[in-house]
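Please read it alongside the sequence and the model.

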Amino acid sequence: MSGEEAAACPAFSLPERVDLMLIAAHTGDEAALFSGLLPSLAERGLSSVTVFLSHRNRMAQQEAMETAARFSQPVCPVFLGEKYLHLNENYADKARKIWPEKECVEALVSAIRQYRPAVIVTHSEAGENGDMMRSYTAQLVRQAVTWAADPRKDRDSLALYGTHEVQKLYLRGASGAEEASGAETQTASVVLDYARPLNACAGQSGAELANEALCSYSTVAIYAYEAQESDSFCLAATRVGEDSGANDLFQNLAPESLTNHGAALPTPSPAPTPSPAPQPEPEKDPAPSPEQPASPAALAQEEREDGRNLPMFFALLGGAALSVLLSALAFTPLSAKRGKPLSIAICALPALAGLLAAFLMRPAAPQTVEGLAETLETPAPAAAQSSPTLPPATTPAEPDGASAASPDPWAEYFRQPGEPEETVLADETNGRWEYRSDTLSIRIEKREDGSVPLVWYVAHIRMREDAFRPGFGSFNEGGSARLEPWKLARRAGAVLAITGDNLINGEVLSKGRLIRNGLLYGEGDGQPTLALCPDMSLRIYERGTPAETILDDGVQNTFGFGPVLVRDGAVSERECLGHRVKNRNPRAGIGMVEPGHYVAIVVDGRQAGYSIGVTLVDYAQMFVDEGCTLAYNMDGGISSGMLFMGESIHQHRSSKSKRSSGQRSWSDALLFGYSTLVPTEDDPIYSTGNLDEKIPRETALP
């Protein structure tokens, strides 16, 4: 992010210098790995800025800015824009090709010279969790710190900001100094406690704030990070002398060199745990005070009674007036004919009628507590039963074993108490594969119909957190390079992988909009576009919808092979019958039962006596049978495939056959889940997808 963009952000400022710069490989690392570091700086009144070499997409940038605000960072994060990718130690040599060394160092030098930090903190040179991009980041930072002080390096940033000497460089991890070659000093680690309450954060600890940030960091949820309550840092370079075990990253720095003028130099003492305020004991059977103001219900009752007193008054007055008028006009003639007693009775009739009407309109007598209790014994409408002076009605007792909270309908699919964090089952003999953790459940079944013959695989994917990632056939994510499916899945550590839409390898204009990780790869308008939305739902954007509209809706990944198979729970026959690949073929596609619950189906085909494939209409019906309300077709034929834990569970005829229909390499894929249990490219492969290359085995996957 440029200085102008940072200045335009109302939640952040653009200071002349900061006390500490955190340089992280990926967005999310500031909370997942460095945990409470940044909140602890805010507690001491120190300023900081985070520099990210890579981010996944625009959503990840937004989440990083929200985390910075949560951590009370005064400066907007800096995004250098390198390719977002995690590499394990098997691919360490790829890091320099993905992040060009000279360009990355110069970008870091520019950030260091602009923000002029006194202290820099970055990753361990071993690379946390075996991620070589983090290891490479530490190497880049070492070089950038040296270059920033050298007037011969990076003339562009030199002209803008001049040189800057970083006073101290720390690498994360206790073993960082031992592993770091060429370190100027090798001292004891600085250990920081993130579990203590912070006054600046309303008593929350740094670790608690970090975990809250991770809960809202959807773009890193797939890696199942959890913040830790303490951390250690090794001094890798210093211009102010070695640390002496004070557990302070700013030890030996001159007070005037810090933005808070030295107030942060003493190591802060733990904030006292706030004691609960004493609560007054409730009085027993408190008597209502006669001076208490009337309740709204009582006032309403008085208004109703006043409204009924007025008609009663007019009834009495009207009856009396009629009696007087009748006596004046008719009493004498009536007396002559009927006699005085009867005449008096006749003239008094209006007054008696008014008295009777007033009696009928009289207000109801106030009801006593005893009377209310008697009334409650008889069922009445809910509106009539409500009263602020009455205790709530007793909730009927629930049956034995029932919980007051609504049960989780998916609970049985995820990790059960006592199980390991990741449970993996691969039973090829019986055609069952399963993975479950706290947030991801994948169940795969092999289905067969010998009368056709036909073989297909159905995967039910349930996610409590978004576990989807797009896969690419190359590290640079260019969109055209191809890679064997099992290699692609293993590089990404994907639990489940299915065929994508062949991205930009051909027929781009005949597809829908092609967006991956927020980048637009193709603007074809030949098919409706399938979007994977941030709320874990699938959505169809019809032809003609601009890519900008899709991106503005927050969508970061779309696919465009088509056609749409299922709409509103019914087979879309018109689209299926009108597509050029409507006849029997191997298939791959994905559908949705409800948000977070996907169904992937892969059909084997072109293999007489085993499986001949399905038409698009029959394929669409498979998704309807699984309960899908929407489904979309991906690239099929010899591209179709489904891999579980880095092994193909589908099969194609070997490429050595006369029809040459072996497994085709992929340029892209739909990936679900991330696990370190997935083998690497160097581990044995039992099933590549080609039948003749398959190696039988009787043991389950590791």
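Two residues are in contact when heavy atoms lie within 4.5 Å. Among the contacts in the chain with a separation of 6 or more, 74% come from residues 24 or more positions apart.

This is a predicted model, in which local features need pLDDT of at least 70, side-chain atom pairs count only at pLDDT 80 or more, and totals for chains, interfaces and linings use all residues. Residues are numbered from 1 along each chain as its sequence is written, and side-chain values use heavy atoms, with hydrogens and water left out.

**Overall make-up**

The chain has 18 helices and 26 strands. These are DSSP runs, numbered from the N terminus: helices are H or I with at least four residues, strands are E with at least two. Of the 702 residues, 49% are buried. Buried means under 20% relative accessible area, exposed means over 50%, and partly exposed is in between (1.4 Å probe, protein chains only). The accessible surface comes to about 33,700 Å². Carbon and sulfur atoms hold 54% of that surface. Areas come from the Shrake-Rupley method with a 1.4 Å probe; for residues, only the protein chains shown count as cover.

**Helix α10**

Which residues of helix α10 (residues 206-215) are buried? They are Gly206, Ala207, Leu209, Ala210, Ala213 and Leu214. Their arc around the axis is only 160 degrees, so they sit on the same side of α10. The arc is taken over the directions from the helix axis to the C-beta atoms. The cover over these buried residues includes α2, α3 and α4 (58-70).

**Aromatic rings**

A search of the whole structure gives 12 aromatic pairs. Rings of Phe, Tyr and Trp (its six-membered ring) pair if their centres lie within 6.5 Å; planes under 30 degrees apart are stacked, over 60 edge-to-face, and the rest tilted. Phenylalanine 34 and phenylalanine 233 make a stacked pair, with 6.4 Å centre to centre and 10 degrees between the planes. Phenylalanine 34 is in the loop between α2 (29-32) and α3 (37-43), and phenylalanine 233 is in strand β7 (residues 230-238), so the pair ties together parts 199 residues apart in sequence. Both phenylalanine 34 and phenylalanine 233 are buried.

Elsewhere, Phe468, Phe559, Tyr598 and Phe672 form one aromatic cluster. Arginine 516 lies over the face of phenylalanine 559, at 3.8 Å from the ring centre. Arginine 464 lies over the face of phenylalanine 414, at 4.0 Å from the ring centre. A charge sits over a ring if NZ of Lys or CZ of Arg is within 6 Å of the ring centre and within 35 degrees of the ring normal.

**Salt bridges**

Side chains of opposite charge can pair when their charged atoms come close. The structure holds 30 salt bridges. Each is a side-chain nitrogen of Lys or Arg within 4 Å of a carboxyl oxygen of Asp or Glu. The table includes three of them.

| Lysine 102 | Glutamate 106 | 2.6 Å |

Lysine 487 is partly exposed at 22% relative accessibility. Glutamate 484 is also partly exposed, at 31%. Salt bridges that share partners join Glu419, Arg432, Glu434, Arg436 and Arg443 into one network.

Lysine 102 and glutamate 106 are 4 residues apart in helix α6 (residues 101-115), so about one helical turn separates them. Lysine 102 is exposed, at 54% relative accessibility. Glutamate 106 is partly exposed, at 23%. Are arginine 134 and aspartate 131 buried or exposed? Both are buried.
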